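This briefing looks at one protein chain, from its overall make-up down to single side-chain pairs. Please have the sequence and the model at hand while reading.

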Amino acid sequence: MINSTSSRKTMIWRCFSCFSSEEKQSKSANKKKDYPWEVYTLKELLHATNNFHNDNKIGEGGFGSVYWGRTSSGVEIAVKRLKAMSAKAEMEFAVEVEILGRVRHKNLLGLRGFYAGEDERLIVYDYMPNHSLITHLHGQLSADCLLDWNRRISIAIGSAEGLVYLHHEANPHIIHRDIKASNVLLDSNFVAKVADFGFAKLIPEGVSHVTTRVKGTLGYLAPEYAMWGKVSESCDVYSFGILLLEIISARKPLEKLQGGIKRDIVQWVIPYLQKGAFDRIVDPRLKGKFDLTQLKAAIAIAMRCTDNNPENRPNMVEVVDWLKGGIGKRKKEIKILKNKFYDETEDENEHSNEDEDENDYGDTTDYEGYTTEESTRRIRGGSTPIRKK
């Protein structure tokens, strides 16, 4: 365990103390840069985004808005503009710059630079022409079905490889804490880029977990994290399992049934898994164009990742290995999973409209304010849909 308050203060001090020295360095034309990003001026970013014009807005969340822009040299960029300056906003800005300044990987969104001055905090990223995964699964581009089966598997593998880097190669290790479809961006070749590190945690070598205030998105939270704030790499594994089911099925992590009941995607999958009806799990927009063996393997992997017991979940190295080459090895495990969930799952899951395509995320940003009944149910192994209080 580590003291999270102390680590936060250290991180903010380190992050913001570097601003002034980096700005001085950027003014020296003859001095070679020893950091991988640019320190932009406010004037540059106002010009690039047309004064943050609403027509340039490409995304919005609790943190603020993201704008498309083009620099004077013709480079397309995305600029995250924090909504308001507060202790929380300062923290998320500092964390994201700190994390992104550390990491370099083909499946992580690249930091181009930032601006920090007065009451503005701006983070500049590479622009992703194919937007976010959620746009293709549930948003404006979903009807176009640009994600065929091979692209979906490639996106799943790319996202998983980004997590392998964070969990096993970065030093200190990094737990993302907010893996979800809207935080997987797609470049011009549909290569997955894991994004948004505002909730990320640095985990020093030898530390297995930290206990912290719960942050993240409903439907993706591991039960032990939602219940007790116990965050570890296994929490990201759980979230990735939910994401993998979402990629396969194009179903949302949470859907609203009659009477305000919420059902998560794992509950939705289980009845089909019991029956071996894998074709009912896959996105119908694919019109049957998928590899059945890969589909079965991917579902098995997702179910392993979303095991209620974090000790039973694989690590992301294993997940990547299974997604890439362990296809044949998963057939037996599929059968085991079918038997396991058939024994433990009640028929109550069958009552809902299984063909309903329009789902409702409900609350999709911060966890705060949501009942812990869902987490209790998952930990105890129950399967009855729950109500939001």
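Which residue forms a salt bridge with Glu 255? The partner is Arg 251, and the closest N and O atoms of the pair are 2.9 Å apart. Both Glu 255 and Arg 251 are buried. The model is predicted, and the points below are computed from it.

**The chain as a whole**

- The protein chain contains 12 helices and 15 strands.
- It has 389 residues, and 55% of them count as buried.
- Among contacts in the protein chain with a separation of 6 or more, 67% are between residues 24 or more positions apart.
- The accessible surface of the protein chain is about 18000 Å², and carbon and sulfur atoms make up 47% of that surface.

**Helix H5**

- Helix H5 covers residues 149-169, which is 21 residues.
- From its first C-alpha to its last, H5 reaches 29 Å, close to the 30 Å expected at 1.5 Å a residue.
- H5 is mostly covered, with 16 of its 21 residues buried.
- At the start of H5, Asp 148 has a side-chain oxygen within 3.4 Å of the backbone nitrogen of Asn 150.

**Salt bridges**

- Side chains of opposite charge can pair when their charged atoms come close.
- In the whole structure, a search finds 15 salt bridges.
- One of them joins the side chains of Asp 196 and Lys 80, at 3.6 Å from N to O.
- Asp 196 sits in the loop between strand E9 (192-194) and strand E10 (201-203), while Lys 80 belongs to strand E4 (residues 76-82), so this pair ties together parts that are 116 residues apart in sequence.
- Lys 80 has 6% relative accessibility; it counts as buried because this value is under 20%.
- A salt bridge also links Glu 161 and Lys 106, whose closest N and O atoms are 2.9 Å apart.
- Glu 161 is part of helix H5, and Lys 106 is in the loop between helix H3 (87-102) and strand E5 (111-117), so the pair ties together parts that are 55 residues apart in sequence.
- Glu 161 is buried too, with a relative accessible area of 16%.

Definitions and conventions:
Residues numbered from 1 in each chain as written. Predicted model: local features only at pLDDT ≥ 70, side-chain atom pairs only at ≥ 80, totals over all residues. Heavy atoms only, no water. Helix = DSSP H or I, 4+ residues; strand = E, 2+ residues; numbered from the N terminus. Expected span 1.5 Å × (residues − 1). Buried < 20%, exposed > 50% of the residue type's maximum accessible area, 1.4 Å probe, protein only. Polar contact = N/O pair within 3.5 Å; in protein donor to acceptor, adjacent residues only side chain to side chain. Contact = heavy atoms within 4.5 Å. Areas by Shrake-Rupley, 256 points an atom, 1.4 Å probe, with all protein chains shown as cover. Salt bridge = Lys/Arg side-chain N within 4 Å of Asp/Glu carboxyl O.
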